[in-house]
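Dear colleague,

I am handing over the structure we spoke about, and below it you will find an account of what turned up when I went through it. Please read the notes with the structure open beside them.

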Amino acid sequence: MSRRIWLVLLVLLAPMALAAIDTYDFETEEQRKRFYAISSELRCPKCQNQNIADSDAPIATDLRREVHRMLGEGRSNREIVDFMVERYGEFVRYKPALTPATMVLWFAPAAMLLGGFVFLLVLLRRRQRALRASATQHLSKDEQQRLQSLLEREEDA
Amino acid sequence: MRRSWMLIPLVLFVLLLALFMKTLNDKKTQQDLAIDPSALPSALIGKPVPDFALPSLDEPGRIISQDDFKGQVALINVWATWCPTCRAEHSFFNKLAEQGVVIHGVNYKDNSEAARRWLDELGNPYQLNVEDPQGSLGVNLGVYGAPETFLVDTAGVIHYKYIGAVDDRVWNDELGPRYQALLDRAGQEAQP
């Protein structure tokens, strides 16, 4: 029984081993939060599918150290990200900057969604109009007259 | 008639697919997008070597700065003893140095003792060798591994960066012609 509990515990604890561990001191809690925010937004140039917060590559360690240093110097998030982009290129941003070249990237999903809704709306409107029109139109003139007289007789009775 | 409207998403999808296939198969875009994951374009091309002041690896007491790289067209090779590819390219750099190519070294995140021993054993193609134990110059150069080789002009401006081992093919196809072009330009500027 206790073995089973151990197993469960180990499985639960395993994900914690994935994040890289450094010991950095921060002056404020806010700085610590910013450190994690920035380093999870920067892409590691060596291991390209990880951010520098998760990566254990030596270069990721160096870049985390730089982020920590600049936070200590009181630099803004933007300055820190710009520092990295100047050295490693736009590539290091997991969140690309809004430039004419990245417009499509930022706005295409919303535009497509909007376009989809407009398309759907137009389609539904048309169908409704067609339905309303066809509700009576599919009867011939004689049939419509007969329907009318049937309805009137109903009312009389 | 209305049915044909329903085909629009499908047509768009097929068009996108065609665009992606074309892009994936296009040689030039492959280079631009750096689909080869080991090769990122350097953000520093056209910019000067960043400011630094670090000790020399083989001249005790000497501090090297970015200004020491100025004055000649040169290769700056980022190397380390922990890097097997650096060992592979080392003999080629020896050969280049014999031919008169100016090569400087940045000993990147290394043990200086081991680095000096390596130069004694394998030969020293470097004119200047900067000791960068913390990788601070490396970060400023946008280095993310070793070996990386930069090409700088006489004003210390970076013109090209090659990631990986330099060998005959790389020299003949990529670095050599650019090096020669910079030399020619420097010669023309010096003459009048």
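**Chain B: fold and backbone**

B:P147 sits in the loop that runs between α6 and β6 (148-152) of chain B. Please keep in mind from the start that this is a predicted model. The peptide bond leading from B:A146 into B:P147 is cis, its omega being near -5°. B:K109 is placed in the loop between β4 (103-108) and α5 (112-122) of chain B. For background, most residues other than glycine have a negative phi, and most peptide bonds are trans.

As for the chain around these two sites, chain B holds seven helices and seven strands, and from the N terminus on its elements follow the order α-α-α-β-β-β-α-β-α-β-α-β-β-α. Of the 192 residues in chain B, 44% are buried. Among the contacts in chain B with a separation of 6 or more, 69% are between residues 24 or more positions apart.

How many disulfides does a search of the whole structure find over all chains? The search finds one, and this disulfide joins B:C83 to B:C86, with an S to S distance of 2.2 Å. The link of B:C83 and B:C86 is right-handed, with 90° about the S-S bond, and both B:C83 and B:C86 are buried.

**Where chain B meets chain A**

The size of an interface is often given as the accessible area lost when the parts come together. Here chain B and chain A bury about 1,700 Å² between them, and 59% of that area is on carbon and sulfur atoms. The contact involves 20 residues from chain A and 19 residues from chain B.

Between chain B and chain A the count is one salt bridge. Four residue pairs are in polar contact across the interface of chain B and chain A, with both residues at pLDDT 80 or more. On the side of chain B that touches chain A, the elements that give two or more residues are α1 (3-6) and α6 (136-140) of chain B, and α6(B) gives the most, with three residues. Sorted by class, that side of chain B has 10 nonpolar, six polar and three charged residues.

**Salt bridges in chain A and beyond**

Over all chains, the count comes to 22 salt bridges. Which residues are linked with B:K109 in a network of salt bridges? The network links B:K109 with A:D62, A:R65, A:E66, A:R69, A:E73 and A:R75. Within this group, A:E73 forms a salt bridge with A:R69, the closest N and O atoms being 2.9 Å apart; A:E73 is partly exposed at 47% relative accessibility, and A:R69 is partly exposed at 33%.

Another salt bridge brings together the side chains of A:E41 and A:K95, at 3.9 Å from N to O. Because A:E41 lies in helix α2 (residues 29-41) of chain A and A:K95 in the loop between α4 and α5 of chain A, the pair ties together parts that are 54 residues apart in sequence. A:E41 is partly exposed, with a relative accessible area of 30%, and A:K95 is partly exposed too, at 49% relative accessibility.

The side chains of A:R93 and A:E90 also meet in a salt bridge, at 3.0 Å from N to O. Here A:R93 counts as buried, at 18% relative accessibility, whereas A:E90 is partly exposed, with a relative accessible area of 45%.

**Other sites in chain A**

A:T102 is placed in the loop between α4 (77-88) and α5 (103-137) of chain A. Is A:T102 buried or exposed? Its relative accessibility is 14%, so A:T102 counts as buried. Apart from its neighbours within four places in sequence, A:T102 is in contact with A:P96 and A:A97.

A:R78 lies in helix α4 of chain A and is exposed, with a relative accessible area of 66%. A:R78 and A:I38 are 40 residues apart along the chain, and their C-alpha atoms are separated by 9.3 Å. A:C44, by contrast, is buried, with a relative accessible area of 0%.

With best wishes

Technical notes. Residues numbered from 1 in each chain as written. Chains lettered and ligands numbered in written order. Predicted model: local features only at pLDDT ≥ 70, side-chain atom pairs only at ≥ 80, totals over all residues. Heavy atoms only, no water. Helix = DSSP H or I, 4+ residues; strand = E, 2+ residues; numbered from the N terminus. Buried < 20%, exposed > 50% of the residue type's maximum accessible area, 1.4 Å probe, protein only. Contact = heavy atoms within 4.5 Å. Buried area = accessible area lost by both parts, 1.4 Å probe. Salt bridge = Lys/Arg side-chain N within 4 Å of Asp/Glu carboxyl O. Polar contact = N/O pair within 3.5 Å; in protein donor to acceptor, adjacent residues only side chain to side chain. Nonpolar A, V, L, I, M, F, W, Y, C, P; charged D, E, K, R; others polar. Disulfide = S-S within 2.5 Å.
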